Amino acid sequence: MTTNHNGTPQGAPAPRTSNWNLPNALTALRIVMVPFFVWFLVAGGTHGEDSMAMRWAAVVTFGLAMLTDKLDGDIARARNLITSFGKIADPIADKLLTGAAFVVLSMLGELWWWVTIVILVREWGITVMRFVVIRYGVMAASKGGKTKTVLQTAALIALLLPLAPFVGQWWLWLAWLLTALALLATVVTGVDYVVKAVQLRNRAVRGESA
């Protein structure tokens with residue numbers, strides 16, 4: 001009997017990847033880190049005696065959380081541990097973290113509320129849409145979506161870092177430029193996801209009626 005490279009007989013269905021794996025654990029860890037990040041950021045915006053230390057704690061927590069995002073993706077691809085749960089939970093974890101950052105920065109008066117609202121409507125609207133079309137197939141993150149995440153991350157790090165008092169106002173201009181680019185990418189990729197969702201549904205309907 002001939003077998004595949006993984007030892008299963010040829011023609012037999014490939015073994016299903018368990019959801020209990022390291023990439024999914026890193027995704028869950030990122031979700032757990034969100035309330036700690038929010039706590040540090042809010043405390044860092046009170047302008048108390050320890051506010052600068054708390055602000056830096058928020059920056060470090062955010063950076064570590066985003067690092068887990070890169071690690072879980074790299075490990076999942078390298079070890080073929082990609083699961084449907086991971087495809088859904090990973091972007092949700094990202095949106096919880098970045099969404100919390102945008103909201104708290106707006107609460108602290110460091111970012112316009114309309115920017116946060118546009119981004120949140122797009123982010124959570126696309127997440128809901130993923131669940132709606134999941135009966136037709138799982139929509140994995142696109143290259144444009146990944147670029148959007150990188151731009152949002154860069155913008156948030158620039159906004160979070162308390163460097164303006166030390167290096168000058170040019171740092172704020174850089175942060176706002178990155179925010180504008182992230183906002184543009186967020187809207188454009190949101191439209192792209194809607195188009196792809198419609199195409200996915202149409203292909204599935206044609207296949208069912210064939």
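Author: In this predicted model, counting a side-chain nitrogen of Lys or Arg within 4 Å of a carboxyl oxygen of Asp or Glu as a salt bridge, the total comes to seven salt bridges. One of them joins the side chains of Arg30 and Asp90, with N and O 2.6 Å apart. Arg30 belongs to helix H1 (residues 22-44) and Asp90 to helix H3 (residues 84-107), so this pair ties together parts that lie 60 residues apart in sequence. Both Arg30 and Asp90 are buried.

Arg30 also forms a salt bridge with Asp94, where the closest N and O atoms are 3.1 Å apart. Because Arg30 sits in helix H1 and Asp94 in helix H3, this pair links parts that are 64 residues apart in sequence. Arg30 has a relative accessible area of 0% and is buried, while Asp94, at 11% relative accessibility, counts as buried because the limit for that word is under 20%.

Elsewhere, Lys148 forms a salt bridge with Glu123, the closest N and O atoms being 3.1 Å apart. Lys148 lies in helix H5 (residues 143-160) and Glu123 in helix H4 (residues 113-132), so the pair ties together parts 25 residues apart in sequence. Lys148 is buried, as is Glu123, and these two residues belong to a network of salt bridges that also links Lys95 and Arg122.

Terms used: Residues are numbered from 1 along each chain as its sequence is written. This is a predicted model: local features need pLDDT of at least 70, side-chain atom pairs count only at pLDDT 80 or more; totals for chains, interfaces and linings use all residues. Side-chain values use heavy atoms; hydrogens and water are left out. Helices (H or I, at least four residues) and strands (E, at least two) are DSSP runs, numbered from the N terminus. Buried means under 20% relative accessible area, exposed over 50%, partly exposed in between (1.4 Å probe, protein chains only).
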